Structures are given as C-alpha cells and as structure tokens.
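Please read it alongside the sequence and the coordinates.

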Amino acid sequence: MKFSTSNINLYAFLIATFTLTFNCQAYSFDLDKLKQSNNLVKAGDKYVTLLGEQVNVGEQAPQFKVVDKNFAPVTLKDFQGQTLLISVVPSLDTGVCSIQTKRFNEEAAKLPTNITVLTISNDLPFAQKRFCDVEKVDNIKVLSDSVWRDFGVNYGLLIKDMGLLTRAIFIINDQGKVVYKELVANISQHPNYDKALAKVKYTAPVMVVDGAAIKELAVKKTKNN
C-alpha cells in the first residue's frame with residue numbers, strides 16, 4: 001500500500017499529538033492539591049480559579065521548563081544574564097492574544113540585545129509555529145507550556161478546569177528577580193503595554209556607556225528614589 005505525502009504528514013501529526021497528550025497526563029503534581037486563588041481574575045463577569053503559587057514582585061523568579069516549536073525543552077536558566085519580559089496569553093488563536101503577541105513582537109525589534117521577550121501559552125507548538133509563520137512573528141520567542149504545565153503552576157497562572165494560562169506580564173531582571181508583574185484583571189482585556197515596556201527598558205542595564213547615558217540614568221534613579 002502506498003501513502004501520499006499528505007497522509008504521511010497527517011499520520012505524523014496524529015502520532016505527535018497522541019504522544020503530547022499522553023505526556024501531558026504525567027504531571028509532576030496533583031491538580032487537586034495545588035494552591036488556589038479565587039478572586040484575582042475574571043472571565044466575563046465571573047471569577048476564575050487560578051492554580052499554583054502566586055509570584056510577587058521582589059521575589060526570585062521560579063524556575064520553569066517549557067518547549068519551543070520543535071518540542072525542545074527551554075528553561076529560565078537558558079536566559080541567564082538577560083532581562084526578560086514574559087508575555088503570557090491564554091491562546092494565540094484569539095483576538096486579544098494575537099494583538100498582544102504581535103505588539104510585543106514589533107516592540108522587541110526596538111529593544112537592546114540584552115532584553116529578551118517571551119510569549120508563553122498552552123497552545124500546542126504546532127499551532128504556535130503556524131501562527132508565527134502567518135503573522136511574521138520572529139523578534140520574540142514563542143514557547144509552549146502544554147507539555148508539563150510547569151510554568152503555569154510555578155507562577156500561579158493555570159486556570160482551573162480550562163487548562164489555559166491567564167493573561168499576565170512579568171519582567172525579570174538580569175539577576176533573576178521579578179521586578180514587575182501585571183495579572184490582567186479580566187482575561188478579555190489587554191495588559192498595560194506602555195507601562196511594561198517602560199519598566200523593561202528602565203530595568204535592563206545600559207549597554208552604551210557615555211556621558212549622556214550616565215546622566216539620563218542618574219536622573220531616572222533620582223526620580224524613582
């Protein structure tokens with residue numbers, strides 16, 4: 001029996017999907033035993049329950065393990081020495097999430113090289129790759145928490161009974177400390193783009209050291225003291 005290329009690709013996709021689904025059941029935690037937050041985020045006019053430990057500004061950023069478009073593991077340690085802006089979305093296939101991701105992709109092109117922008121969702125890597133190819137998203141790293149739910153649980157973002165991540169923004173400085181957090185009050189709303197971008201630019205070390213840069217940094221620090 002001969003198989004067409006399209007059939008072979010379909011079978012490969014189904015096998016990979018089955019493997020991913022199977023692996024997703026082998027979490028290293030019991031969902032029923034996770035800490036629950038019930039009054040932080042709404043979907044429409046009703047609160048949703050977030051699973052996992054909430055992360056606060058000033059704390060050391062928890063480690064996490066996600067996968068890239070090729071299912072290769074990616075961890076927080078891979079970005080050591082970088083200032084990170086992490087944009088968290090429920091699903092790239094929805095309007096607000098799409099706009100949020102494309103906005104940060106555009107802004108990332110203007111940022112210095114010591115700032116890395118990540119987008120993390122529970123979309124399958126197949127879907128993320130398709131989205132990035134269609135929308136020309138290539139200035140940020142789009143990563144999936146669909147395999148282990150490690151990021152969602154460690155950052156308190158996993159929505160109970162939905163399997164999605166709630167919308168949020170985190171900024172982690174080059175020492176691994178959380179310096180900014182926005183847990184968007186309603187998952188249908190946009191985050192505060194301008195505030196997050198201003199914070200990440202202020203947080204990252206100045207790369208070009210000259211008189212003007214030093215003076216500008218000193219003025220900013222004085223205003224914030």
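This is a predicted model: local features need pLDDT of at least 70, side-chain atom pairs count only at pLDDT 80 or more; totals for chains, interfaces and linings use all residues.

The chain has 225 residues, of which 44% are buried.

**Overall organisation**
- Of the contacts between residues at least 6 apart in sequence, 66% connect residues at least 24 apart.
- The protein chain exposes about 12300 Å², and 54% of that area is supplied by carbon and sulfur atoms.

**Nonpolar cores**
- The largest nonpolar core contains 31 residues. Within this core, Phe64, Ile86, Phe151, Tyr155, Leu157 and Phe170 touch the most other members.
- At least two residues of this core come from each of the strands β2 (46–51), β5 (83–88), β6 (115–121), β8 (158–159), β9 (168–172) and β10 (178–183), and likewise from helix α4 (150–154).
- Phe170, one of the core members named above, has the following contacts once its neighbours within four places in sequence are left aside: Val55, Leu84, Leu85, Ile86, Val88, Tyr155, Leu157, Val178, Tyr180 and Lys181.
- A separate, second core comprises 23 residues, including Val89, Ile169, Tyr193 and Val200.

**Packing of α2 and α5**
- Two packed helices are described by the angle between their axes and the distance between the axes.
- For helix α2 (residues 95–108) and helix α5 (residues 193–203), the axes come within 12 Å and cross at roughly 35°. The crossing of α2 past α5 is right-handed.
- On the α2 side, the contact is made by Ile99, Gln100, Arg103, Phe104 and Glu107; on the α5 side, Tyr193, Asp194 and Leu197 take part.
- Classified by type, this contact between α2 and α5 has four nonpolar, one polar and three charged residues.

**Positive phi angles**
- Most residues other than glycine have a negative phi.
- Phe71 has a positive phi near 65° and is found in the loop between β3 (65–67) and β4 (73–75). Phe71 counts as partly exposed because its relative accessibility is 29%, which lies between the limits of 20% and 50%.
- Lys136 likewise has a positive phi, near 60°, and lies in the loop between α3 (125–135) and β7 (141–144). Its relative accessibility is 59%, so Lys136 counts as exposed, the cut-off being over 50%.

How values were computed: Residues are numbered from 1 along each chain as its sequence is written. Side-chain values use heavy atoms; hydrogens and water are left out. Axes are lines fitted to C-alpha atoms, for helices over the stretch in contact, and angles run from 0 to 180 degrees between N-to-C directions. Helices (H or I, at least four residues) and strands (E, at least two) are DSSP runs, numbered from the N terminus. A crossing is left-handed if the near helix is turned anticlockwise from the far one by less than a right angle, and right-handed if clockwise. Contact means heavy atoms within 4.5 Å. Ala, Val, Leu, Ile, Met, Phe, Trp, Tyr, Cys and Pro count as nonpolar, Asp, Glu, Lys and Arg as charged, and the others, Gly among them, as polar. A nonpolar core is a set of buried Ala, Val, Leu, Ile, Met, Phe, Trp, Tyr and Cys residues joined through side-chain atoms within 4.5 Å. Buried means under 20% relative accessible area, exposed over 50%, partly exposed in between (1.4 Å probe, protein chains only). Accessible areas come from the Shrake-Rupley method with a 1.4 Å probe; for residues, only the protein chains shown count as cover.
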